[in-house]
Amino acid sequence: MSIFTRFKDIVNSNINSLLDKAEDPEKMLRLMIGEMEDTVIDLKTTTAARMAEAIRVEKKMEEAKATVERWQQRAELAIEKGKDDMAREALIEKKHASEAYDRIRANLDSLRKAIEESKEEISTLDDKIKAAKDKLQTLQREQARAQERRDSSVNLNARFEEMENRINRMNAYTNLSAEKGEKSAEEKFSEMEKNEEIEMEIERIKKEKGIEK
């Protein structure tokens with residue numbers, strides 16, 4: 001698959017749409033990020049090679065331009081010396097050199113355009129990668145919060161279960177005490193309060209009758 005096709009497919013992709021259809025959105029995002037990062041590496045490698053080629057072509061174009069100027073100077077010199085035939089030969093060579101120069105310049109223009117397009121593609125992919133990574137972080141935070149809610153629910157259920165067990169143990173103990181004829185705390189205090197009232201009434205009566213203790 002060529003770089004352009006890969007780039008075009010990725011840029012035209014809709015992250016949210018792909019995630020909606022994915023069984024494992026997080027895995028899908030990681031695969032997309034990996035694919036885009038690989039594509040950026042390919043683009044940067046290709047761009048670097050084109051930039052190196054452009055430097056070489058620029059040097060060739062300068063040499064071609066110097067050749068054109070040299071044949072022009074020779075044609076002028078021949079005319080000055082009255083050597084029209086030599087001037088014609090020089091102008092023919094100049095024409096050939098000019099054609100070579102034009103081809104080299106067209107090649108350089110094409111390279112420069114391709115380099116600029118590659119830089120724009122790299123920038124576009126960098127933005128796409130950032131968006132995907134942001135989406136991945138958001139997805140991970142949502143999953144973490146969901147896990148926290150599940151853990152909290154489990155912990156709450158465990159606490160309720162423990163409370164229920166404690167109540168059941170207390171009820172069992174109360175029932176067991178009742179079966180053994182043991183008085184409850186309420187009953188013991190109530191009985192003690194009644195006894196206290198009776199003792200106080202006895203003391204009051206003795207006091208009224210003048211009966212010594």
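Residues are called buried under 20% relative accessible area, exposed over 50% and partly exposed in between; glutamate 99, at 32% relative accessibility, therefore counts as partly exposed. The legends below concern a predicted model.

**View 1. The protein chain is built from 5 helices and 0 strands.** Read along the sequence, its pattern is α-α-α-α-α, and buried residues account for 20% of its 213 residues. Of the contacts between residues at least 6 apart in sequence, 77% join residues at least 24 apart.

**View 2. The largest nonpolar core has 12 residues, among them Leu29, Ile33, Val40, Ile129 and Leu136.** Helix H3 (25-80) and helix H4 (84-179) each supply at least two residues of this core. With residues up to four places away in sequence left out, isoleucine 33 touches Ala132, Lys133 and Leu136. A second, separate core of 11 residues includes Val68, Ile104, Leu111 and Ile115.

**View 3. Lysine 133 forms a salt bridge with glutamate 37, their closest N and O atoms being 3.2 Å apart.** This pair links distant parts of the chain, since lysine 133 lies in helix H4 and glutamate 37 in helix H3, 96 residues apart. Lysine 133 is partly exposed, at 37% relative accessibility, and glutamate 37 is also partly exposed, at 32%.

**View 4. Lysine 95 and glutamate 99 form a salt bridge in which the closest N and O atoms are 2.6 Å apart.** Because they are 4 residues apart in helix H4, about one helical turn separates lysine 95 from glutamate 99.

**View 5. Aspartate 102 forms a salt bridge with arginine 105, with the closest N and O atoms 3.6 Å apart.** These residues are 3 apart in helix H4, and so are separated by about one helical turn.

Note on methods
Residues numbered from 1 in each chain as written. Predicted model: local features only at pLDDT ≥ 70, side-chain atom pairs only at ≥ 80, totals over all residues. Heavy atoms only, no water. Buried < 20%, exposed > 50% of the residue type's maximum accessible area, 1.4 Å probe, protein only. Contact = heavy atoms within 4.5 Å. Core = buried A, V, L, I, M, F, W, Y, C linked by side-chain atoms within 4.5 Å. Salt bridge = Lys/Arg side-chain N within 4 Å of Asp/Glu carboxyl O.
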